[in-house]
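Dear colleague,

I am handing over the structure below, and my notes on what was found in it follow directly after. Please read them with the coordinates open beside you.

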Amino acid sequence: RMKSSEWHVERRHGSKIESPSSRDSENAHETGSLSIVILGASGDLAKKKTFPALFHLYEQGFLPQNEVCIFGYARTKITDDELKNRLRGYLVPGKDSSSEQLEKVSNFLHLIKYVSGSYDSKDGFCNLDKEISEHESLKSSAQGSSRRLFYLALPPTVYQSVCKMIKTYCMNKSDLGGWTRIIVEKPFGKDLESAEQLSTQIGELFEEPQIYRIDHYLGKELVQNMLVLRFANRLFMPQWNRDNIANVQIVFREDFGTEGRGGYFDQYGIIRDIIQNHLLQVFCLVAMEKPVSLKAEHIRDEKVKVLESVLPIKDDEVVLGQYEGYRDDATVPDHSNTPTFATVILRVNNERWDGVPFVLKAGKALSSRKADIRVQFKDVPGDIFKCQKQERNEFVIRLQPSEAMYMKLIVKKPGLDIETVQSELDLSYRQRYQGVTIPEAYERLILDTIRGDQQHFVRRDELKASWEIFTPLLHRIDKGEFKSIPYKPGTRGPAEADKLLLEKAGYVQTPSYIWIPPTL
């Protein structure tokens, strides 16, 4: 995406983000007005994620007041002020907010207008287009030079009708340097067939460069760091293969259950909700080959190649679980088999990864909340210290919380005897980058959309390849052919999952080692 020499530290306090000069010049021609439309503006996603992300971009100077207008669109019949009052609590940092912060929030809210209408209504979208056009006229944008961004914070069931309305009534009127782009949220279908159907419906209305399929995991700081780590450090490049790596784990844990979302979650399950998208995207970045360049298409080409190299999933390399009490939710069917936990081993049929198991694991109501990547290296050949039975080198990238990277190493324990112990080389972000606020994923991805950078978005063939991996397993789960094992909330999940990790993936645990985040 950018050269290492242009890599920048992003600060929210006092100054704008310092962007690379190349990107500034690349976007210098985009001087027309910018209209950002949040469809589903009264929903939880918009209130909790989308509008706050836009506010942070605004306070850092990325949404200039003299260019931008933000439109909320939803069926709820409320006024501009009512929407603003609903949003205010999600934008104000806390009770101790300074007058300067409150003024920024107030100025941001002045940019917001609300339009009410249904998602298949000509009148609603004509009214929306009229409001956008008035804004463009006030900003003296030449016809066709304006920019229109539509964020679909909506369920996929209305994507087709909404996209048709946008295409028919709300497009930029001509192509004179301006553009129209849409951001669509997951889930992108429930299986291969439904995903392809959805892609076809949207693809008939918009070109692929106009479509931004958002997966917020691709906006996380340490996920974005993955390519830099792999391809900017000579240390890793010769080690990153089957000769040196024993296994890879990509893990997502939550310490709470469905929390009132049981009915919605039961339609999808943990594989569709987390593994097929978030964890599989991380897998791509860990396993892909080096791209020709940092251009979006070159990176996405390599992601598709590694997805197409994944072998069919074996039954004996899958463990499903459902926490006890999940079906107590009134919105969940009494006999639901929907997994709230899954461990799946992927195997890649190529020269780099042949024989290396990739373990994708996700679960709800577990003993802890975290997401990390764990790359475990093979035993030392001819080990004269006799430590291979209990300890291995392991590179851990902690995505959340307490972002960090650390390498488990075998070192001499201080003392008179030659005794080995496992320690770590540690880069903890909170300690190393004090005073630096790590941007939220949605901030990055919305800014990338405005800039026209599709690197961190899912391409259609990439989406298809990901569903081809999981659809056979998902259909068997839906038919009840693959059963979920009960597990107690607050545990590690089914014991069978740990057994799978040890026996099939060959993971070597170090029970005595506990990583402790450094104190400031």
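In this predicted model, six strands form an open sheet in the order S3-S2-S1-S4-S5-S6, and their pairing is parallel. Strand S3 (112-116) and strand S6 (211-214) are the edge strands, each of them pairing on one side only, and neighbouring strands of the sheet are turned against each other by 20 degrees on average, with direction ignored. Helix H5 (residues 122-138) lies across strand S1 (34-39), strand S2 (68-74), S3 and strand S4 (147-152), and it runs at about 170 degrees to S2.

His278 counts as buried because its relative accessibility is 4%, where the cut-off for buried is under 20%. Its side chain makes a polar contact of 2.7 Å with the side chain of Asp215, and, leaving aside neighbours within four places in sequence, His278 is in contact with Lys186, Asp215, His216, Tyr217 and Asp273.

As for the chain as a whole, its secondary structure comes to 16 helices and 15 strands, and buried residues make up 54% of its 520 residues. Of the contacts with a separation of 6 or more, 77% are between residues 24 or more positions apart. The chain exposes about 24000 Å², of which carbon and sulfur atoms supply 49%.

Notes:
Residues numbered from 1 in each chain as written. Predicted model: local features only at pLDDT ≥ 70, side-chain atom pairs only at ≥ 80, totals over all residues. Heavy atoms only, no water. Helix = DSSP H or I, 4+ residues; strand = E, 2+ residues; numbered from the N terminus. Buried < 20%, exposed > 50% of the residue type's maximum accessible area, 1.4 Å probe, protein only. Contact = heavy atoms within 4.5 Å. Areas by Shrake-Rupley, 256 points an atom, 1.4 Å probe, with all protein chains shown as cover. Polar contact = N/O pair within 3.5 Å; in protein donor to acceptor, adjacent residues only side chain to side chain. Pairing = 2+ DSSP bridges. Axes fitted to C-alpha atoms, helices over the stretch in contact; angles between N-to-C directions.
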